[in-house]
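Visitor: I am new to this structure and would like to be walked through it.
Guide: Here it is.

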Amino acid sequence: MKGLFVSPSPHRAADMSTSKIMLTVIIALFPAAMAGCVFFGPRAAAVLAVCIAACVIFEALCRIVMKKDQTIGDLSAVVTGLLLGMNLPATVPFYVAVIGSFVAIVVVKQLFGGIGQNFANPAIAARIVLMLSFTPQMSNWVKPYWYSGAVDAETSATPLAAEWLEFQDATVYSVGTSLRKMAPFTLSEMFWGETGGCIGETCAAMLILGGLFLIVIKVISPATPIAFIGSFAVLTLIYTGSLVETLYGVLAGGLLIGAFFMATDYATTPLTTKGKVVFGIGCGLVTFIIRSFGSFPEGVSFSILLMNLLTPYIDRLTKASPFGAKKPVKS
């Protein structure tokens, strides 16, 4: 007679390794990254290359100094560098990109033990540090080349920055009215990426394509992106009473790249589906609050970082009880 053995998960081995997952993420990010290079020119490609190279070098040096096994082969440093570069403007000085790479890899990732042990998404944390430390360099946006008709791109505001500045200048504002007196960009321009902004966040079409690719091949769960984008959209629609305003907010800024590629990081987000939904709703709520009432036009980075810090508590509240487990009786 065969016995029934009860053992902890995992019960089924998968052939998907860390390097394969990271390679898949790189493939998913590639269309948006290439769109950014087309829109903002060779300078954008150079920023991406500097971030990727700096992240890989810093990771290799860290592992040597700490006398640990080399991990650059898992491609996680490449993903971090690519994400960081896509979250920077094309005009950012290269030394700022290198500093951001150092913060992401050395401070946020390796000092906490390496991949899987970092408390926050490295690219998100590095972007926030750069935003607060190098504000002028991080807010020097340019329009795509064909808007200026010149070799040097023309300085421009992002859709969110233009909206926020106009709101700051407004003398009267009431719930239900539009934040903008006149939209600085059309929804079509924002969908295809024909706006000012960070290298990889402007082309919504390519970001959605990459995100859907990861969902279809089951590298990420759709729970977090749907909860993140959905909660933000619902709150914005209730607050503004405008569907156009809601679509504008969804397409603007780093909402899509954050929802699909950074709020789904395995190491810094909840494990359970219920936890992923709670995480996504929290990100959407914080993003809405910062964009609507805060002193920054963008809130995606701050929302993901805050929810990263709350992930252990979300996991604890949403974890499933093992089959046959009994709660210990308190004496």
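Visitor: How many helices and how many strands does the protein have?
Guide: This is a predicted model, and the answer comes from its secondary structure. The count for the protein is 15 helices and zero strands.

Visitor: What share of the residues count as buried?
Guide: A residue is buried here when its relative accessible area is under 20%. The protein has 331 residues, and the share of them that count as buried is 50%.

Visitor: Which residues of helix 13 are buried?
Guide: Helix 13 covers residues 255-262 and is mostly covered, with eight of its eight residues buried. By name, they are L255, L256, I257, G258, A259, F260, F261 and M262.

Visitor: Which residues does L83 touch, not counting residues up to four places away in sequence?
Guide: Leaving out residues up to four places away in sequence, L83 touches L29, A123, I257, F261 and M262.

Visitor: At what angle do helix 2 and helix 3 pack?
Guide: Helix 2 passes helix 3 in a right-handed crossing. The contact includes V47, L48 and C51 of helix 2 and A77, V78 and L82 of helix 3. By class, its residues are eleven nonpolar, four polar and one charged. The axes lie 8 Å apart, and the packing angle is about 145 degrees.

Visitor: How do the residues in the contact of helix 11 with helix 14 divide by class?
Guide: Helix 11 (residues 223-240) and helix 14 (residues 273-293) have axes that come within 7 Å and cross at roughly 35 degrees. Helix 11 passes helix 14 in a right-handed crossing. The contact residues divide into 13 nonpolar, eight polar and two charged.

Visitor: How many salt bridges does a search of the whole structure find?
Guide: One of them joins the side chains of R291 and E298 at 3.0 Å, N to O, and both R291 and E298 are buried. Over the whole structure, the number found is three.

Visitor: How many residues apart in sequence are the parts tied together by E59 and K109?
Guide: The side chains of E59 and K109 meet in a salt bridge of 2.8 Å, N to O. E59 lies in helix 2 and K109 in helix 4 (residues 94-109), so the pair ties together parts whose separation in sequence is 50 residues.

Visitor: Are E59 and K109 buried or exposed?
Guide: The cut-off for being buried is a relative accessible area under 20%. By that test, both E59 and K109 are buried.

Visitor: Where does E201, the salt-bridge partner of R127, lie?
Guide: The side chains of R127 and E201 meet in a salt bridge of 3.8 Å, N to O.

How values were computed. Residues are numbered from 1 along each chain as its sequence is written. This is a predicted model: local features need pLDDT of at least 70, side-chain atom pairs count only at pLDDT 80 or more; totals for chains, interfaces and linings use all residues. Side-chain values use heavy atoms; hydrogens and water are left out. A salt bridge is a side-chain nitrogen of Lys or Arg within 4 Å of a carboxyl oxygen of Asp or Glu. Helices (H or I, at least four residues) and strands (E, at least two) are DSSP runs, numbered from the N terminus. Buried means under 20% relative accessible area, exposed over 50%, partly exposed in between (1.4 Å probe, protein chains only). Axes are lines fitted to C-alpha atoms, for helices over the stretch in contact, and angles run from 0 to 180 degrees between N-to-C directions. A crossing is left-handed if the near helix is turned anticlockwise from the far one by less than a right angle, and right-handed if clockwise. Contact means heavy atoms within 4.5 Å. Ala, Val, Leu, Ile, Met, Phe, Trp, Tyr, Cys and Pro count as nonpolar, Asp, Glu, Lys and Arg as charged, and the others, Gly among them, as polar.
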